[in-house]
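Dear colleague,

Please find below the structure that I am handing over to you. I would be grateful if you would read the notes after it with the model open.

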Amino acid sequence: LEIYSLHVDCKVTSRFAHTVITSRIVNRANESREATFEVELPKTAFITNFSMSIDGEVYPGIIKEKAAAQNEYDTAASQGQSAGLVKITDRKLEQFHVSVSIAAASKVTFELTYEELLKRQLGKYELLIKVRPKQLVKHFQIDVHIFEPQGIQFLETDSTFMTNELTEALTKVQNETKAHILFKPTVDQQKKNSELDETLLNGDFVVRYDVKREATAGDIQIVNGYFVHYFAPQEMPVFPKNVIFVIDRSGSMTGRKIEQTMDALLKILQDLRPEDHFNFITFNNKVVEWKSSLLPATEENVASAAELVQTLTARGGTDISGALLAAVGVLEKAEGLPERSVSTIVLLTDGQPTSGERNVEVIQENVKKAINGKYALFCLGFGFDVSYKFLEKMALSNGGIARRIYENADAALQLQGFYQEVATPILMQIEMQYPENSVEGLTKNNFKLFFEGSEIIVSGKISNELDLLPVEIKAQSHTSDLTLKEEANVKEKEQVFQNQRYIFGNFIERLWAYLTIQQLLEKAISAQEEDQKPLEAQALNLSLRYSFVTPLTSMVVTKPSDQQHKELANKPTEAG
């Protein structure tokens with residue numbers, strides 16, 4: 001079987017990425033063979049389309065509500081079926097895998113489309129393309145077009161498999177607002193060495209960039225009555241932080257995990273600023289407060305904490321509830337903290353609650369009551385023995401986020417990276433306000449915290465014939481209360497995207513749908529049971545309307561009738 005063509009076409013318009021992967025395979029054998037299409041795509045993306053065409057006959061994937069798709073599949077399937085077409089492969093990627101049998105001398109074309117909104121982290125956007133053809137490909141290319149009306153501040157490409165020869169196959173052209181990146185290696189350039197037919201192309205191809213920011217109240221873009229508002233203030237004073245690290249040292253953390261945790265904590269301690277306050281709580285079946293109160297992050301206190309970190313040993317049970325409530329207690333009785341400061345609790349655990357309170361619902365309830373909206377809780381789940389669902393609900397219910405730390409060589413870097421993202425809060429209580437009577441379907445527009453290097457995105461539909469869209473942002477910075485105002489001229493803004501030949505249709509409307517679905521699903525996680533259903537129904541409705549494979553929908557892939565006839569592509573989630 002020969003893959004004679006593999007194209008990755010990606011169009012990024014104002015952070016919204018639309019990627020199409022096309023693989024053409026021919027069966028050179030004189031009997032029928034199994035052709036496989038395997039693509040790794042970012043977990044943050046939604047698949048929107050898939051088709052295979054065999055000798056001119058097209059078999060499209062159809063997106064349906066999950067239960068309906070399952071019924072159809074169960075009816076068509078015999079027992080012992082394959083376990084769906086998509087699975088999580090690592091911390092950033094999931095894999096789409098489909099095989100189909102094709103006759104001698106036949107050709108098959110696979111085409112997969114997915115979309116995602118690129119998220120700004122630590123001052124840049126990252127477009128990740130996984131490259132793994134497993135054989136030399138006659139026509140191979142990655143073609144990336146970026147259009148950012150705000151202007152491109154910087155742009156870099158990075159790859160885990162580049163050699164000097166391969167670099168010659170890479171071209172980058174950019175001007176003020178556009179960039180075009182083309183990677184088109186010949187068969188010879190793809191080879192590991194001239195004797196063997198082995199490919200070098202195996203790994204990540206990454207494009208990183210950031211945009212220029214002039215306006216203080218962010219940037220508004222409008223297409224066909226839908227708007228998106230990007231807000232990422234720069235060069236503002238950082239809030240002092242009061243942070244309590246709640247560290248699991250139960251028996252299961254023994255060995256590599258506790259070592260990696262120690263490595264990460266030592267680096268994180270170095271990143272504390274003198275105006276920050278901090279404390280450590282370590283727990284197994286016992287909860288131990290390092291100090292009875294928060295300490296300022298002076299050199300001496302940081303050095304003394306580093307000594308504690310280096311003596312961490314792991315044994316015993318896991319009292320998550322006791323440890324979190326102790327952390328809240330320390331923040332509650334804290335005195336002499338900077339007037340305008342941000343208080344956070346960072347929990348790191350690798351298991352289920354096994355001592356103290358063990359009922360996860362009760363723990364979630366008690367922690368939420370204790371925190372009472374005053375502090376942000378970040379939950380890091382180390383490995384796969386944690387109940388990620390439990391941690392995620394707890395974090396989202398308390399103004400934070402959850403992250404799974406994958407147990408591999410870079411676990412310490414994952415922990416540090418997570419900390420860096422939340423280490424520099426520069427705004428709190430951010431309200432993005434738009435005229436109520438002329439904007440509908442508004443995505444989330446109130447945010448507890450804004451961290452330097454990230455970005456706030458709000459999108460909605462302009463309901464009546466508005467000429468000017470006024471926006472007002474209210475927020476608290478470390479030094480003052482801010483009010484920022486901006487007016488967008490609707491006609492002028494619409495003009496920006498006219499005549500851009502490589503923009504796909506109503507991209508802001510799709511961006512709005514993508515963002516709304518993500519936020520509804522997130523809201524459903526922390527909602528009371530009776531509120532979950534309507535949120536999910538709304539997300540399902542949008543997933544079907546805009547044809548996204550989300551956790552509520554499935555894609556039914558139909559094959560030629562002489563083969564296992566139907567397969568399902570579902571969206572896996574971190575919580576499983």
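Predicted model: local features only at pLDDT ≥ 70, side-chain atom pairs only at ≥ 80, totals over all residues.

Residues are numbered from 1 along each chain as its sequence is written, and side-chain values use heavy atoms, without hydrogens and water.

Helices (H or I, at least four residues) and strands (E, at least two) are DSSP runs, numbered from the N terminus. Helix 11 covers residues 507-526.

Helix 11 packs with helix 12 (residues 529-545) at an angle of about 155 degrees, their axes lying 9 Å apart; axes are lines fitted to C-alpha atoms over the stretch in contact, and angles run from 0 to 180 degrees between N-to-C directions. The two helices are therefore roughly antiparallel (an angle over 145 degrees). Contact means heavy atoms within 4.5 Å. Among the residues that meet are Trp 512, Leu 520 and Ile 525 of helix 11 and Leu 535, Ala 539 and Leu 542 of helix 12. By class, this contact has nine nonpolar residues (Ala, Val, Leu, Ile, Met, Phe, Trp, Tyr, Cys and Pro), four polar (the others, Gly among them) and three charged (Asp, Glu, Lys and Arg).

Helix 8 (residues 388-397) crosses helix 11 at roughly 100 degrees, and the axes come within 8 Å. This makes helix 8 roughly perpendicular to helix 11 (65 to 115 degrees). Glu 392, Lys 393, Leu 396 and Ser 397 of helix 8 contact Glu 522, Ile 525 and Ser 526 of helix 11.

Turning to the individual residues, Asp 248 lies in strand 17 (residues 241-248) and, at 0% relative accessibility, counts as buried. Beyond its neighbours within four places in sequence, its contacts include Met 253, Phe 283 and Asp 350. Glu 436 sits in the loop between strand 24 (425-433) and strand 25 (439-440) and, at 76% relative accessibility, counts as exposed (over 50%).

Yours sincerely

Methods: Parallel < 35°, antiparallel > 145°, perpendicular 65-115°, else oblique. Buried < 20%, exposed > 50% of the residue type's maximum accessible area, 1.4 Å probe, protein only.
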